[in-house]
Amino acid sequence: MATLVLLRHGESVWNAEGLFTGWVDVDLSAKGEGEATRGGDLLLDADLTPDVVHTSLLKRAIRTAEIALDVADLSWIQVRRSWRLNERHYGALQGKNKAQTREEFGEDQFMTWRRSYDVPPPPIKDDDPLSQVNDLRYASLPSELIPRTECLADVVDRLLPYWYDAVVPDLAAGRTVLVAAHGNSLRALVKHLDGVSDDAISALNIPTGIPLLYELDDDFAPLKRGGEYLDPTAAKAAIEAVKNQGASTGKAEAKKGGRRKK
Ligand SMILES: O=C(O)[C@@H](CO)OP(=O)(O)O
């Protein structure tokens, strides 16, 4: 049996402002830092001691792992990072306000871009200030591997090599593995683990900052489909909040508007 813990980063500044984020490297909000702290407390309460942490290359996931592991007095564990755990690249939607996008393009198009399995948003141009083509952290990647947009199917394709080559070997060695990543990269992983259909995955949302525990069998398949959130009550409310993002121009969302520059 192997133990895997998935942790979506705490609320980011752009989550709070209702903006599509993707590969833009925004930081945690104060609330997100608090969620990361609670994530560490939940690990402690559940007596879970990760031996290794895998993160994306984005600071909201990196900092969430650091904060949670610090709370659990596990800052010293081995760390591995990969672009393959990054959030889904949101293409030309990066930096756009979700509620305004929904108003402009309608509910169907908005939800197709947000949650369909195989329809990517329009690609971002390489000279867009929110493009990642010139980002130093991807300098060793061939340019054609740096996404200009992604649908969830693209995320599954780029995530699975890392799952098999980096995460599974840790699990096979008997290590308890923490994966600190993002709403959509974790949706891709959960889709794979639980064998969720292309249609059903559109209804699955991952809350910020609440560890999701999977016990896996010898074939790295979940003993319990869907795993178990360490705080199921908080997870239920937070999943609803993620689902409804962009549904209304809430105070924070309405105040901002337009497209943010980084
Ligand atoms: O903006 C994003 O990058 C993601 C996660 O925050 O949003 P959504 O839940 O709409 O896919």
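**A mixed sheet, its packed helices and a ligand shell**

In this predicted model, six strands come together in an open sheet, and reading across it gives the order β3-β2-β4-β1-β5-β6, with mixed pairing. Strands β3 (78–81) and β6 (228–229) form the edges, each pairing on one side only. As a reminder, strands of a sheet pair through backbone hydrogen bonds, and they can do so in parallel or antiparallel fashion. Strand β5 (residues 212–216) and β6 run antiparallel and are joined by 2 bridges. In one of these pairings, L212 has Y229 of β6 as its bridge partner.

Helix α6 (residues 152–172) packs on this sheet. The strands that α6 touches are β1 (2–8), β2 (52–55), β3, β4 (177–181) and β5. Relative to the direction of β4, the direction of α6 makes an angle of about 155°.

Next come the helix pairs. Two packed helices are described by the angle between their axes and by the distance between those axes. On the α6 side, the contact is made by L152, V155, V156, L159, L160 and W163, while α7 brings N184, S185, R187, A188, L189, K191 and H192. Sorted by class, the residues of this contact are 8 nonpolar, 3 polar and 2 charged.

A second pair consists of helix α2 (residues 30–45) and helix α3 (residues 59–71), whose axes come within 7 Å and cross at roughly 45°. That angle makes α2 oblique to α3, and the crossing is right-handed. Helix α2 contributes E33, A36, T37, G39, G40, D41, L43 and L44 to the contact, and α3 contributes R63, T64, I67, A68, L69, D70 and V71. This contact contains 7 nonpolar, 4 polar and 4 charged residues.

Finally, which residues surround the ligand? They are N15, F20, T21, G22, E87, Y90, R114, G183, N184, V242 and Q245. By class, this shell holds 3 nonpolar, 6 polar and 2 charged residues. One member of the shell, N184, also takes part in the contact of α7 with α6.

How values were computed. Residues numbered from 1 in each chain as written. Predicted model: local features only at pLDDT ≥ 70, side-chain atom pairs only at ≥ 80, totals over all residues. Pairing = 2+ DSSP bridges. Helix = DSSP H or I, 4+ residues; strand = E, 2+ residues; numbered from the N terminus. Contact = placed C-beta atoms within 7 Å. Axes fitted to C-alpha atoms, helices over the stretch in contact; angles between N-to-C directions. Near = placed C-beta within 6 Å. Nonpolar A, V, L, I, M, F, W, Y, C, P; charged D, E, K, R; others polar. Parallel < 35°, antiparallel > 145°, perpendicular 65-115°, else oblique. Left-handed = near helix turned anticlockwise from the far one by under 90°.
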